[in-house]
Amino acid sequence: MARAPLSLTSKAPLPPPTITPLRHQRSPITTVRVSATAVTTTAMPDHHPTLEISGGAVDRFLPAFKSLHLPYKPFPIVGWNRHIETIFAAFFRKVPHVRYRRECLRTKDAGTIALDWASDDHRSLPADAPILILLPGLTGGSQDSYVKHMLVKARSKGWRVVVFNSRGCGDSPVTTPQLQSASFPGDTCHVVDHVSSRYPKANIYAAGWSLGGNILVNYLGRKANNCALTGAVSLCNPFDLVIADENLRKGFNNIYDRALREALCRIFTKHAPLFEDIEDKYNVQVGLNPQTVREYDEAITRVALGFKSVDDYYSNSCSCHVIQHVRIPLLCIQAANDPIAPIEGTPREDIKGNPNCMLIVTPQGGHLGWVAGDEAPFGAPWTDNVVMDFLEHLQKDAPKPQENSSNAEDVQQGSEDLHQAKV
């Protein structure tokens, strides 16, 4: 989420909301004690009742997590109100120091994608080190605090990490009239294929937040039969963009709509000349000064993608429609009180019906918040350890990928135009 001129002290803190803990309905794991005279069965909870855990893959993945038997404890005051938590995490969470090495990929439509690799990983890590691709949220990029915290956590485990900055995000160059969108899996395919060709001996995983999570799940569902990823994680995914759009324009949520709208406007303003020659298609003036995110998407985003209306764009970009088709291990983490990705948009039944998916819902967390755990309030989100537990569990049992080329260097050089720069 982009920064906006907000202040936590402008208003008195809101009272803590009343939240009913969500309980996972799966039968508890049991242990059987056998003695010479009797057999007794003792129920053992598989996770703490403050967490809702469900999904078709629960039995496969639940043993991977080291801390889900503990209660979810939001940090006092900050974590008791969803708006305070969301704003606090965006403005006051520490930003780890990370050096990047930028690589720009040229796409088939002459567009440009910016990949930010953690600096020096190409020298210090072996060729078969697992790789994690990070997909930030709407207008987000490699400089965001939640992205850097996840990167630092993964690197501490020996993972190679790269941030996928969508078109126009993370100060990436824009070479065509196409910016970030929720319904454009082509760029994700290009990135995954490029990374897999560059490191053919490594297993590749991905994690996406917010709109980045929606983009990731769309890719997984639409490319189910040809997906090069070994596993994935979706966090605070809006899933149903029709519901999210309606929710974003209600009450206090207007402040998030304003912040996102201003971030979209800043990106578009820098690249408006690319759109001016085809102004009969795009409403450039509205794009320069939209009143809402919806108005921007109507003027710019849906036109670039060829949708007839913004409602058509939203309804056809919902990852909730394709999650049933996902064929690789997928962990979804949502907050029950998320003001931007409303929990009612989460496709619980489809997740339960997919043997590859698992859902964790925390009672608090806000949006991109999760100010809880040992590092709260200024450190890494509560979710980072959970994500790494899941990914390391997958990596432990994952088979090594088969190399598609006998010479990975030739594949890399022949991919497409590459440009590198230190960031």
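1. A word on ground rules. Residues are numbered from 1 along each chain as its sequence is written, and side-chain values use heavy atoms, with hydrogens and water left out. As the model is predicted, local features need pLDDT of at least 70 and side-chain atom pairs count only at pLDDT 80 or more, while totals for chains, interfaces and linings use all residues.

2. Start with the UniProt record: its unreviewed entry puts an "active site" annotation on S210, D338 and H367. Such annotations may be inferred rather than shown by experiment, and the positions are given in the numbering used here, with feature names shortened. The three residues span 158 residues in sequence, yet no two of their C-alpha atoms are more than 10.5 Å apart, so they gather at one spot.

3. Where does D338 sit? Look in the loop between β10 (330–335) and α13 (348–353); helices (H or I, at least four residues) and strands (E, at least two) are DSSP runs, numbered from the N terminus. D338 is buried, at 3% relative accessible area; buried means under 20%, exposed over 50% and partly exposed in between, using a 1.4 Å probe and protein chains only. Leaving aside neighbours within four places in sequence, D338 is in contact (heavy atoms within 4.5 Å) with R82, C236, G366 and H367.

4. H367 is in the loop between β11 (357–362) and α14 (383–397), and it is buried too, at 3% relative accessibility. Its side chain makes a polar contact of 3.0 Å with that of S210. That term means a pair of N or O atoms within 3.5 Å; within protein, one must be able to donate a hydrogen and the other to accept it, and residues adjacent in sequence count only if both atoms are side-chain atoms.

5. Now the largest nonpolar core, which has 66 residues; L115, I133, L220, L229, F268, I323 and L330 touch the most other members. A nonpolar core is a set of buried Ala, Val, Leu, Ile, Met, Phe, Trp, Tyr and Cys residues joined through side-chain atoms within 4.5 Å. Domain 1 (52–240 + 318–397) and domain 2 (242–317) both give residues to this core, so it lies between them; the bounds come from an automatic or database domain assignment. A second, separate core of 45 residues includes F65, Y100, C236 and I333.

6. Last, check helix α2 (residues 82–92), where eight of the eleven residues are buried. Those buried residues pack against α4 (145–156) and α8 (254–271).
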